Amino acid sequence: MSDKITTTPLLVQDGFGYGGAELPADGLSYCGPTAAAMSLLWLGKNGWRQIGPAAPTQTDALDLDLLLAGLADTSALGGTYTDNLQNAVATYLNAGGIASSAFTYPTGTNQPSVDLIAELNQSQTVVTLLLGWYTPVSAGSSTYQRVGGHFVAILGQQQPNPEDLIIGNPCPSSLKSVPDLPKFARQTLPTSNFTGTSADLPAPPAPGTYYLQFPDVTWSGSTQAVTPVLETVVALTVAMSEQSRNRPTPASWSPAAAQTIDTNGAPFRVLAPLAGAGGLIKQGDGALTLCASNATTGSNQIAGGSLASAETSSAFGAGGIAMSGGALVADPGGSGAEVALAVAGGQNAQFSFSGSTALQLVIGENASLAVTLGGPASGDGPGLVQAGPGALVISVDAGAAALGAACTLSAPAGIGNLASSPIVAPSIVAQSPQSAGVVDFLSYGESGFVLPKYTSSTETNINSASASDVYSVDDAQTLEGNATASVFALKAGPYDVGAAGANAVLKVGPQQAGQTAGVILNGATLTGFEFDFGASDAAVYASGSALVGAVISGSGQLNFFGPGTINLTGANAGTGDVLVLSGTLGVNNLEGSGTGTGPVTVQGTGVLSLEGTVSGAISAENGASVILQSGTAASSLDVDDQSTLAGVGYVAGSATIDGQILAGSSPGSIEFQGDVTMTGTTMFAWTLFDLEDDSTVGEDPQWNSLAFTGNTLNLGQKNNGVAVILDMTKLGPRDPNSDHEFWTSSHTWTLFHSENTAFDSLWYELLQPQFRAGYFSLTNDPNFQFMYLTFTPSVVG
């Protein structure tokens with residue numbers, strides 16, 4: 001075994017990406033997964049290749065940090081619970097083919113002594129230490145209260161003074177007056193007895209004994225000393241037999257219940273064969289790849305990222321699969337074979353979708369690929385079901401034309417009410433990735449899903465098309481003025497569809513309530529006419545950038561999806577709801593409402609980009625983004641705790657912001673003109689675009705800020721304020737870790753300003769690393785109408 005002190009990779013929780021930008025909230029609450037990642041990467045360097053690589057890169061470290069945080073349900077603002085971190089590491093090992101019997105990972109030991117730490121930290125055993133931050137309940141008191149916690153990795157002990165511990169500290173400034181840079185992460189700290197008392201200790205100290213502590217620290221910008229108490233140690237020992245040189249066979253992993261795997265933006269390869277009654281719940285961005293057989297029988301869910309398998313049999317288990325986001329990837333590998341895959345193939349199992357989803361089929365070098373969705377039925381419904389508002393994009397590597405030939409996709413128990421003529425429900429489309437992502441409608445028959453019969457504009461002018469045609473715009477088309485053309489569904493390539501005069505109308509779809517019209521925009525431009533869906537809902541897909549200047553009318557719901565951007569430039573007249581499932585809906589109108597009068601909901605990976613005006617209420621849910629490009633949200637705006645509001649513009653109605661507020665591509669303010677509520681999960685990311693402050697700025701401040709003109713303003717909650725993080729990425733080499741002269745003097749910036757009244761409540765907290773040049777702090781004016789960010793020079797390190 002190599003020396004842990006000198007060979008453990010040193011990671012800093014806000015050290016991934018410039019300013020920590022590659023981790024949520026700059027990684028400032030990621031001490032748990034970062035400390036665990038240091039230890040696991042050391043094991044990888046010492047022969048356990050299923051745990052980590054022999055020579056880990058920064059990318060390897062970032063991926064492991066993200067993954068462990070996802071598995072541990074780490075909160076970007078609240079950190080990680082010890083039990084959750086242990087469960088995350090155990091899940092990581094099991095998925096790597098290491099059976100639970102091949103490692104020991106007991107519940108942590110409270111009140112660790114120096115001798116216990118020395119006893120545990122031997123050979124291949126790695127140790128994580130949880131510190132508690134304690135402060136006196138009042139000045140001079142010997143009674144303490146816990147105000148937070150912090151994980152570090154134990155590396156060793158100083159000799160000849162073993163009372164001095166050597167640690168890998170994910171936040172170096174938390175225990176020493178140094179910048180938060182990796183070169184300061186290895187720290188040697190003396191221990192002494194903690195003689196205070198506290199009901200917050202994990203357990204009372206044994207009679208006549210004490211908890212240990214590191215020296216008191218006073219963090220930059222504070223006058224309150226904090227005592228780091230050594231609360232709990234957790235030791236992990238992996239059997240030597242699992243070292244890769246011993247060629248261990250990956251052990252089967254049998255989750256007893258549904259196993260949630262949040263990859264949190266990282267790739268994760270499951271080496272273990274899967275079995276048992278449990279299933280998988282795939283959450284978060286990032287790819288989860290199953291590298292062995294899957295004999296599970298439980299139900300599976302996919303909510304984000306991708307779930308892939310390279311197996312040719314029992315690839316995804318026998319249980320049903322419910323997709324509410326993300327992609328399922330069937331990539332069997334191999335060559336020359338006629339491959340058959342069953343997806344959700346157990347008796348009565350269903351494959352269902354809602355939200356923005358994709359099914360990616362890879363023939364590769366094989367002769368053919370036959371995929372079935374859903375298992376044999378015995379009266380429990382069809383094999384393929386749409387479970388809610390959403391879309392399913394079927395991507396075939398050989399192109400959509402391969403469907404029904406080299407690639408077959410079918411549902412043995414049928415597709416229920418998704419079947420229709422001349423195309424299936426337009427919420428299901430086929431993508432040809434080798435043709436710049438061009439998308440087609442689908443029909444369904446004896447061969448499963450196949451391309452429909454199109455009426456091409458090269459043969460039939462759009463004015464001569466019929467209401468039963470699946471119409472493909474393959475060259476420029478001009479609608480006649482004072483006339484109405486009708487098609488059943490519209491696929492428009494990179495061509496213009498315009499009008500020769502006023503009052504031109506294009507009716508699309510069945511025009512009836514309870515049914516859905518289909519529109520595919522493969523780079524099209526539609527201008528100068530009324531785009532009428534009647535009472536039907538509409539499914540509108542964009543593969544690239546499309547411009548819709550036509551006036552959209554109808555009373556049904558508009559569902560936008562696909563990876564592309566649809567720019568709406570007209571004053572649209574639709575009265576139904578608008579749902580953005582994926583891609584970007586750009587609202588660039590100069591008058592009226594770009595989306596009609598109905599409410600607008602943005603979900604998942606969807607983005608609403610607002611340069612014009614939206615008159616309906618706006619909701620951002622489940623990770624969606626609303627980006628103001630000098631536009632106006634004229635009604636209410638609700639942003640949930642997973643979603644984002646960004647940019648520069650106006651919110652005229654009431655606003656509830658539970659998620660994060662970011663700068664746009666340029667500096668400026670978001671002006672809230674109505675009542676505002678920000679909860680304990682709200683995060684404001686302040687970005688400094690250039691080296692200016694309140695004293696030097698002209699009419700255009702070089703940072704993002706918030707202005708308020710409403711009457712009821714509740715920002716944050718007591719003990720759970722609006723979290724402010726600092727984004728210095730625009731400054732490059734002039735940031736506060738540099739020697740730039742700007743950082744040799746004090747500065748003040750206005751972040752929040754209420755023009756008309758005091759804030760009803762104003763609670764805030766600053767999350768920041770320790771910069772080399774000094775520290776930042778937040779203050780407010782006595783009248784509670786301004787919140788300021790200040791910088792104080794104080795060179796450290």
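The expected span of a helix is 1.5 Å times one less than its number of residues. Keep that rule in mind for the first view of this predicted model.

**View 1. Helix 4 from end to end.** Helix 4 covers residues 82-95, 14 residues in total. From its first C-alpha to its last the helix reaches 20 Å, close to the 20 Å expected at 1.5 Å a residue. Just after helix 4 comes Gly97, which takes a positive phi of about 90 degrees.

**View 2. The covered residues of helix 4.** Here you can see that helix 4 is mostly covered, with 10 of its 14 residues buried. Look for Leu85, Gln86, Ala88, Val89 and Ala90 among them. The run from Thr91 through Tyr92, Leu93 and Asn94 to Ala95 is buried too.

**View 3. The largest cavity.** The structure holds 6 cavities of 30 Å³ or more, and the largest has a volume of about 80 Å³. Two or more lining residues come from each of helix 2 (31-45), helix 4, strand 3 (126-136) and strand 10 (225-238). Leu85 and Val89, which are buried residues of helix 4, are part of this lining. Other lining residues include Ala36, Tyr105, Thr128 and Leu236. The lining has 9 nonpolar residues, 2 polar ones and no charged ones.

**View 4. The second largest cavity.** This cavity contains about 60 Å³ of space. Strand 35 (516-521) and strand 42 (565-568) each give at least two residues to its lining. The lining counts 10 nonpolar residues, with no polar and no charged ones.

Technical notes:
Residues are numbered from 1 along each chain as its sequence is written. This is a predicted model: local features need pLDDT of at least 70, side-chain atom pairs count only at pLDDT 80 or more; totals for chains, interfaces and linings use all residues. Side-chain values use heavy atoms; hydrogens and water are left out. Helices (H or I, at least four residues) and strands (E, at least two) are DSSP runs, numbered from the N terminus. Buried means under 20% relative accessible area, exposed over 50%, partly exposed in between (1.4 Å probe, protein chains only). On a 1 Å grid over the protein atoms alone, a cavity is a set of points where a 1.4 Å probe fits but cannot get out, and a pocket is an open set with protein on both sides within 12 Å along at least five of seven lines; lining residues have an atom within 4 Å of a point. Grid points are joined across faces, edges and corners, and a volume is the space filled by probe spheres set on the points. Ala, Val, Leu, Ile, Met, Phe, Trp, Tyr, Cys and Pro count as nonpolar, Asp, Glu, Lys and Arg as charged, and the others, Gly among them, as polar.
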